[in-house]
Amino acid sequence: MKVGLLKKVGLMALAVAFCAGCGKAKPTADSLAANWPTKSVNMIVPWNAGGDTDIYARILAKKLGDKFGQTFVVVNTPGGTGIVGSKTAMVAKPDGYTMLFGHTGSNTVQQATETIDFDYNKDFLTAGTAIQDNTYTVVVKKSSGWKNLQEFIAYAKANPGKVRYSQVYGTVTHYVGSKMEETMGIQMNMLDVGAGGAERLAAFMGDQVDVLAANYLNVRDYIEKGDFIPLGVCSAKPMPAAPNIPTFKSQGYDIDFPKSYEIKFPKNTDPRIVAKMQSALKEITEDPEFKDALAKYCAIAVYRPGDQSVEEDAKLVEAVKKALKED
């Protein structure tokens, strides 16, 4: 009798537990999007730690963490001039917990040169732009003997193919080198001496190349000491960090490349999550503290919503294609 009673009690308990479990509503897509993020988010940076992209990603990650109350983890995934990390983000689970932090300096040029088998605009959902670094500066060493752009051009014209230029195919260095040849009427020897900024700087200082194009941050100290001679800045306007360095445009050469840093999600991510990130980017780019943090590295806060980023990037891709065809 007691055994039968225990069995009945046990069955009733199981039934109650089962019904209790049935009564709990499973999270819906609406609730998941509304509550995002509920855990840490991976921000893939497709370059090594310590470079400009990594630095800006960490500044933004801190602000996003403050905004959402979750940790945004910078995950450096270098390789293939940014392609490895980008593809890693592209094929990640589209749940909002993996995103890409990249820049147009590689994205648009890779698209234009067709060095990738995917599309940065069509195969991602772009939340928007948060940062721009319009300080890409072309420098030569003091030991070269060239004191300015005019002396450099004169030598390059008199010695076709002799000037060695540090180029990474499919990046902004590729575009800048091609535009220099096109607009200045010169021919340089394009050499790949490393994809990372630190590698290329070391090769330049080690006399493996004669000309280097880099973010001003990476060459600022050498310029201020007089070891490097700046030939021009690839921007429409002088950079606030060093307004005395002339742009190429002010010297008569149409070389301008806005390097924008953007957040992108895997293609099938819930658009509501992307919209939340877009709203956060707008708010953060208006934050004086964020602006001050970027200013230390010669960058500026620039907000472009996702659709504007995609539209302007597509135009930049076409401009790069045209420039490279004319080269």
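## Terms and model

Helices (H or I, at least four residues) and strands (E, at least two) are DSSP runs, numbered from the N terminus. The model is predicted, so local features need pLDDT of at least 70 and side-chain atom pairs pLDDT 80 or more, while totals for chains, interfaces and linings use all residues. Residues are numbered from 1 along each chain as its sequence is written, and side-chain values use heavy atoms, without hydrogens and water.

## The cavity

There is one cavity of 30 Å³ or more in the structure. A cavity is a set of points on a 1 Å grid over the protein atoms alone where a 1.4 Å probe fits but cannot get out, and lining residues have an atom within 4 Å of a point. The volume of the largest cavity is about 50 Å³, taken as the space filled by probe spheres set on the points, which are joined across faces, edges and corners.

Its lining consists of Thr104, Asn107, Thr108, Gln111, Tyr120, Asn121, Glu262, Lys264, Asp313 and Val317. At least two lining residues come from each of helix H5 (104-113), strand S10 (259-266) and helix H12 (306-326). H5 gives the most, four residues.

## H5 against H7

H5 also meets helix H7 (residues 172-184): their axes come within 8 Å and cross at roughly 70°. Axes are lines fitted to C-alpha atoms, for helices over the stretch in contact, and angles run from 0 to 180 degrees between N-to-C directions. H5 and H7 are therefore roughly perpendicular (65 to 115 degrees). Gly105, Val109 and Thr113 of H5 and Val172, His174 and Tyr175 of H7 make the contact (heavy atoms within 4.5 Å).

Methods. On a 1 Å grid over the protein atoms alone, a cavity is a set of points where a 1.4 Å probe fits but cannot get out, and a pocket is an open set with protein on both sides within 12 Å along at least five of seven lines; lining residues have an atom within 4 Å of a point. Angles under 35 degrees count as roughly parallel, over 145 as roughly antiparallel, 65 to 115 as roughly perpendicular and the rest as oblique.
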